[in-house]
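Subject: Handover of a structure, with notes on what was found

Dear colleague,

Please find the structure below, handed over for your study. The notes that follow it are meant to be read with the structure open.

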Amino acid sequence: MVWCFDHSFTENGLMHPTLALVSRPDVSADDFTHLLSQLLPHLSPVDPGTVRRAVSQKRQVAKVQLPDESTGQLRADVLNLVEGLDLPAADKLCVAVVPAELAAAERLLLIMDVDSTLIRQEVIELLAAHAGREAEVAAVTEAAMRGELDFAQSLIQRVSTLKGLPEQVLAEVIERIEFSAGAEALVRRMHAAGHVVAVVSGGFQQILDPLATELGLDHALANTLGITDGILDGTVHGDIVDRATKERMLRSWAAEHQIPLGATIAAGDGANDLDMVCAAGLGVAFNAKPALRERASVAIDFGELDVIADLVLQDLAELKSNN
């Protein structure tokens, strides 16, 4: 059985919500097809003829047109069904229900966290390593991302450990930063489709600016480290970028670009991202802590950020039958 990737995905000119499934790269096409054949009969009244298939960076992708009334608990129901199938591919899927408003939007806003989302590392820990305080700072960061500490107070505490470091450590840290797998491809695909890409971070503007320039991001906001006479003074200048700020920037940038909130996507990994992820049209938990994962509308549990593009874009080549 082979399903096609149909770019229109409409009925009577109306866009429908879609169920999107994306596999890890190690899931074979045969296993994915078998999973779909087992899953689809349970998704009444879904028509198997509306299923579309594609391949993205060796990931198997399927999208299913949904009747509007079926979206409420569908993702949870599908996750339960997949778990119950006991198939080789069943524990290697990202499952999302993409709302009709987002699927139909001409322009989207993607807003992401930076540390442990856009990039692999936590910048504050890289900086703290220069002060010999990495383990201490990492423990506080972990607790803050789990939602166990007030983020602003924890940031002030962690930044204080950097007091006395020379400004040049910032350049050394920038050299060590690695983008998450798929980050560059995600930005490229979103921009190619005409969408807006932004980041908002509880990290530091001095580190973020060159990364944003390298990726060509449309907006980038983070905290500003205090520097006096070329020395980090252990403070944060200005208002701290916390979870409320992140949601506020989601709304502000969406309004600036005249993009409805329902046509926004927010991705992050920790409790500090909770407000923007819950406010967005599609909220993504990326290898996230439970505090965020339990509230997000989709979880990506393998480290490939461009899965987000697989979920929301129609830029993949149609999967052709060999028959």
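In which loop is T117 found? T117 lies in the loop between β7 (109-112) and α4. Helices (H or I, at least four residues) and strands (E, at least two) are DSSP runs, numbered from the N terminus.

Please note that this is a predicted model, in which local features need pLDDT of at least 70 and side-chain atom pairs count only at pLDDT 80 or more, while totals for chains, interfaces and linings use all residues. Residues are numbered from 1 along each chain as its sequence is written, and side-chain values use heavy atoms, with hydrogens and water left out.

T117 counts as buried because its relative accessibility is 0%. Here, buried means under 20% relative accessible area, exposed means over 50%, and partly exposed lies in between (1.4 Å probe, protein chains only). Leaving aside residues up to four places away in sequence, T117 touches S180, A267, G268, D269, F286 and L305; contact means heavy atoms within 4.5 Å.

The seven-stranded sheet

An open sheet of seven strands runs in the order β10-β9-β8-β7-β11-β12-β13, with mixed pairing. Two strands pair if DSSP finds at least two bridges between them. The edge strands are β10 (231-237) and β13 (298-300), each of which pairs on one side only. Neighbouring strands of this sheet are turned by 25° against each other on average, direction ignored. For such angles, axes are lines fitted to C-alpha atoms, for helices over the stretch in contact, and angles run from 0 to 180 degrees between N-to-C directions.

Helix α6 (residues 151-160) packs on the sheet and touches β8, β9 and β10. The direction of α6 makes about 170° with that of β10. Strands β8 (residues 196-204) and β9 (residues 219-228) pair in the parallel sense over four bridges, and A198 stands opposite H219 in β9.

Strand β11 (residues 264-268) deserves a separate look. Are the residues of β11 buried or exposed? Five of its five residues are buried. In a regular strand the side chains alternate between the two faces of the sheet. β7 and β11 run parallel and are joined by four bridges, with A266 as the bridge partner of I111. Four bridges also join β11 to β12 (residues 282-286), again in parallel, and the bridge partner of I265 in β12 is L282.

The four-stranded sheet

A further open sheet has four strands in the order β4-β5-β3-β6, with antiparallel pairing. β4 (51-56) and β6 (93-98) stand at the edges with a single partner strand each, so one side of each is left without a neighbour in the sheet. The twist averages 15° from one strand to the next. Helix α2 (residues 74-85) packs on this sheet, touching β3 (18-23) and β6, and its direction makes about 155° with that of β6. β4 and β5 (residues 59-65) pair in the antiparallel sense over six bridges, and A54 stands opposite V61 in β5.

On a 1 Å grid over the protein atoms alone, a cavity is a set of points where a 1.4 Å probe fits but cannot get out, and a pocket is an open set with protein on both sides within 12 Å along at least five of seven lines; lining residues have an atom within 4 Å of a point. Grid points are joined across faces, edges and corners, and a volume is the space filled by probe spheres set on the points.

By this rule there are three cavities of 30 Å³ or more. The largest cavity holds about 150 Å³ of space. Of the 18 residues in its lining, D115, E122, F151, G202 and G203 lie nearest its centre. β8 gives the most to this lining, with four residues.

The largest pocket has a volume of about 400 Å³. It is lined by 19 residues, of which L79, A90, L93, R293 and D301 are the closest to its centre. α2 gives the most to the lining of the largest pocket, with four residues.
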